[in-house]
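Please have the sequence and the structure open while I speak.

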Amino acid sequence: ACTVKAIPQSEAIIVSVIDTGMGIAPEDLHKVFEKFQQVGDTLTDKPKGSGLGLPICKQIVEHHGGTIWVESQPKHGSNFSFTLPIVNAAIAQPDKISIDILVKQLKESFVQTATSTSLERKTILVVDDDENIRTLLRQQLEPEGYKIREAKDGVDAINQVKREKPDLIILDVMMPQINGFDVAAVLKNDPQTMNIPIIIISIFEDKQRGYLLGIDRYLQKPIDAESLLRNIDTLISQGSSKKKVLVVDEDASAVKTLSSVLISKGYTVVEASNSQDGIEKALAVKPDMIIVDGGFSEQHNLIKTLRFEKGMENVFFLLLAEEQNERYEQL
């Protein structure tokens with residue numbers, strides 16, 4: 001099966017072609033855009049053609065000022081994405097584009113002035129084994145005034161963070177040697193690095209696993225530049241990772257509502273729908289606060305159980321009574 005997605009942005013459009021085929025081995029990813037190269041097992045996959053299709057696509061995309069890249073996992077499929085500048089928008093919306101250009105020029109002027117007179121330029125470490133992704137993120141973030149460092153894999157990332165801590169880390173999941181989840185686990189379990197905000201960007205949906213490790217944001221590829229910048233600005237302004245909150249309630253709708261409010265305020269949220277799940281996640285995550293429905297907690301002795309667990313002595317518990325459940329937005 002194959003899915004095609006197109007995501008418009010302010011100055012470009014991201015097009016992704018996603019398939020559920022055999023996928024591409026990590027060691028072959030760098031070959032797919034080379035001329036006369038084909039990847040895959042010739043006895044099973046039976047590649048056909050001249051090996052020029054993707055190189056030609058790359059030339060066409062780059063000729064129009066775009067970038068093309070591939071992400072893949074063996075036996076799970078591949079995601080080929082490319083960006084193209086939107087060049088006709090100025091004709092359709094001259095007033096809006098003129099304002100956007102003016103704002104961009106003012107912002108660039110401010111960045112140049114700020115970086116020449118201040119040492120407050122924030123550093124972001126971009127961790128991805130795909131050089132094209134690292135280049136794309138650098139092109140998106142440097143004009144916003146951020147200093148960008150790059151790591152080609154998880155081991156390189158951990159070594160760099162140990163030598164010099166960045167202000168924020170953008171982390172891919174599927175990487176050779178050590179994956180993004182393991183990198184996050186190492187950094188979030190080290191007192192010297194646990195407060196560095198981490199944004200995971202992945203083609204796979206596994207937010208709960210990421211939040212259990214203590215990451216701050218989990219975004220899916222293809223990269224939405226506006227959403228990414230908005231989350232970076234929020235986390236950078238906080239200075240360090242926000243508090244972790246565990247929400248426990250059998251009412252799935254209530255959990256989702258409360259979680260969305262807390263996340264919008266910058267908190268890292270882990271959800272649990274029953275007593276056993278709540279206890280297991282509390283012990284694994286060690287949250288700073290546990291929000292639980294009062295009736296649910298009394299019925300399952302959740303608080304009494306956790307109060308006597310090692311490492312849970314300083315956790316703040318917030319009980320919600322029935323009449324409070326409709327006032328989540330005030331938290």
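Predicted model: local features only at pLDDT ≥ 70, side-chain atom pairs only at ≥ 80, totals over all residues.

How much space lies in the largest cavity? About 30 Å³, where a cavity is a set of points on a 1 Å grid over the protein atoms alone at which a 1.4 Å probe fits but cannot get out, and lining residues have an atom within 4 Å of a point.

Residues are numbered from 1 along each chain as its sequence is written, and side-chain values use heavy atoms, with hydrogens and water left out.

The lining of that cavity includes Asp 128, Ile 170, Leu 171, Asp 172 and Lys 221, and strand S7 gives the most to it, with three residues.

Two of these lining residues, Asp 172 and Lys 221, meet through their side chains in a salt bridge at 3.2 Å, N to O, the term meaning a side-chain nitrogen of Lys or Arg within 4 Å of a carboxyl oxygen of Asp or Glu. Because Asp 172 lies in S7 and Lys 221 in the loop between strand S9 and helix H8, the pair ties together parts 49 residues apart in sequence. Asp 172, at 7% relative accessibility, counts as buried, that is, under 20% relative accessible area with a 1.4 Å probe and protein chains only, and Lys 221, at 9%, is buried too. Both belong to a network of salt bridges that also links Glu 71 and Asp 128.

Methods:
1 Å grid on protein atoms, 1.4 Å probe; cavity = no way out; pocket = protein on both sides within 12 Å on 5 of 7 lines; lining within 4 Å. Points joined across faces, edges and corners; volume = space filled by probe spheres on them. Helix = DSSP H or I, 4+ residues; strand = E, 2+ residues; numbered from the N terminus. Buried < 20%, exposed > 50% of the residue type's maximum accessible area, 1.4 Å probe, protein only.
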